[in-house]
Amino acid sequence: MRMNKKLERWLKQTLYVPGGHCPVCRRILFQKDMWVCPLCKSELKPVAGHVCHRCGRPLFKHEGETCGRCSDAQTFYYNGGYGHWLYREGVAKMVQRCKFYNEKELAYWIGEEMAKGWLLKYPSVQIDVVIPVPLHHNRFKDRGYNQSEWLCKGMLATLALPESVLNTKVLIRTKDTAHQPGKGRQARIENVRDAFRVVDSHTIQDKNILVVDDVLTTGATLRACGALLKENGAKILYSCVAAID
Ligand SMILES: [Zn+2]
Ligand SMILES: [Zn+2]
């Protein structure tokens, strides 16, 4: 009996992270430092080929340099953007686990993967400040963490940037726009436009800034954040998201 317990503990410690399940298919993960099972990982679709040079959205061959949503140079504020995966079922499940199931380590791993892709696309871009898209404080209180902040932490580790580069204070969300049932796309875009505020703008003056979020859909959130950061003195803006819808 005693031996069995010892053996069990040894098996748990060496073979898999206790309680670790694939966030997509829920199979047990039989290896340390593995966050998605090999099968589900192989089905994640990286964004590849011809993409919008502002936001990283995939484009058709006949489209030019930018997607329809970024083509208005007056209102798009980013010098470049990168999205790691296409937003499909597997990625959607991972994002859900990061947001609602306290799986910060999963978000950290996703951040590491994002950074690897980011480095391939922008090997020489110098980043001074990394800003996660903030949650409204009500939502932060409910959840206890911001999943995008954990994406940033994973990215910083892979980019070999110090934690001091992460700035979670300068950009805050003043409007709780997460739940907007019944609102159309245009109404949602308008609602998010004045949902953010910048405090202590001296921390972003003349800085090269990377804004990090989980999913890019309409782009309204990144656009709103970009406008504010630029108005408040940011020099260069880039975006990086885990997935593009
Ligand atoms: Zn799986
Ligand atoms: Zn675009």
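Helices and strands are here DSSP runs, helices of at least four residues and strands of at least two, numbered from the N terminus. On that basis Asp206 is placed in the loop between β4 and β5. The model under discussion is predicted.

**Overall arrangement**

The chain contains eight helices and six strands. Along the sequence these elements follow the pattern α-α-β-α-α-β-α-α-β-α-β-β-α-β. The chain has 245 residues, of which 38% count as buried. Among its contacts with a separation of 6 or more, 72% are accounted for by residues 24 or more positions apart.

**Helix α3**

Helix α3 covers residues 89-100. Its twelve residues should span 16 Å at 1.5 Å a residue, and the end C-alpha atoms are 16 Å apart, which agrees. The buried residues of this helix are Gly90, Val91, Met94, Val95, Arg97, Cys98 and Lys99. They pack against helices α2 (38-43), α4 and α6, and against strands β1 (80-86), β5 (208-216) and β6 (236-244). Just after α3, Asn102 adopts a positive phi of about 60°.

**Helix α4**

Helix α4 comprises residues 104-121. Buried in α4 are Leu106, Ala107, Tyr108, Trp109, Ile110, Gly111, Glu113, Met114, Ala115 and Trp118. The cover over these buried residues includes β1, α3, α6 and β6.

**Packing of the helices**

Two packed helices are described by the angle between their axes and the distance between the axes. How do α3 and α4 cross? Their axes come within 8 Å and cross at roughly 130°. Since angles over 145 degrees count as roughly antiparallel and those from 65 to 115 as roughly perpendicular, α3 is therefore oblique to α4. The crossing of α3 with α4 is left-handed. On the α3 side the contact is made by Met94, Arg97 and Cys98, and on the α4 side by Leu106, Ala107 and Ile110. These residues divide into five nonpolar, no polar and one charged.

Helix α4 also packs with helix α6 (residues 147-159), at an angle of about 50° and with the axes 6 Å apart. That angle makes α4 oblique to α6. The crossing of α4 and α6 is right-handed. From α4, the contact draws on Lys104, Ala107, Tyr108, Trp109, Ile110, Gly111, Glu112, Met114, Ala115, Lys116 and Leu119. From α6, the partners are Gln147, Trp150, Leu151, Cys152, Lys153, Gly154, Met155, Ala157, Thr158 and Leu159. By type, the residues of the α4 contact with α6 are 13 nonpolar, four polar and four charged. Ala107 and Ile110 of α4 take part in the contact with α3 and also in the contact with α6.

**Residues in the loops**

| Residue | Other C-beta atoms within 10 Å | State |
|---|---|---|
| Phe76 | 22 | buried |
| Val199 | 10 | exposed |
| Ala160 | 8 | exposed |
| Asp206 | 10 | exposed |

Phe76 lies in the loop between α2 and β1. A residue is buried if 20 or more other C-beta atoms lie within 10 Å of its own, and Phe76, with 22, is therefore buried. Leaving aside residues up to four places away in sequence, Phe76 touches Arg54, Cys70 and Arg223. Phe76 and Leu222 are 146 residues apart in sequence, while their C-alpha atoms are 9.1 Å apart in space.

Val199 is in the loop between β4 (196-198) and β5. Is Val199 buried or exposed? Val199 counts as exposed because it has 10 C-beta neighbours inside 10 Å, and a residue with 12 or fewer is exposed. Apart from residues up to four places away in sequence, Val199 touches Lys169, Val170 and Ile172. Its C-alpha atom is separated by 9.2 Å from that of Asn232, 33 residues apart along the chain.

Ala160 is found in the loop between α6 and β3 (171-173). Its phi is near 55°, a positive value in a residue other than glycine. Asp206, in the loop between β4 and β5, likewise has a positive phi, near 60°.

Technical notes: Residues are numbered from 1 along each chain as its sequence is written. Chains are lettered from A and ligands numbered from 1 in the order in which they are written. This is a predicted model: local features need pLDDT of at least 70, side-chain atom pairs count only at pLDDT 80 or more; totals for chains, interfaces and linings use all residues. Axes are lines fitted to C-alpha atoms, for helices over the stretch in contact, and angles run from 0 to 180 degrees between N-to-C directions. Angles under 35 degrees count as roughly parallel, over 145 as roughly antiparallel, 65 to 115 as roughly perpendicular and the rest as oblique. A crossing is left-handed if the near helix is turned anticlockwise from the far one by less than a right angle, and right-handed if clockwise. Two residues are in contact if their C-beta atoms, placed from the backbone, lie within 7 Å. Ala, Val, Leu, Ile, Met, Phe, Trp, Tyr, Cys and Pro count as nonpolar, Asp, Glu, Lys and Arg as charged, and the others, Gly among them, as polar. The expected span of a helix is 1.5 Å times one less than its number of residues.
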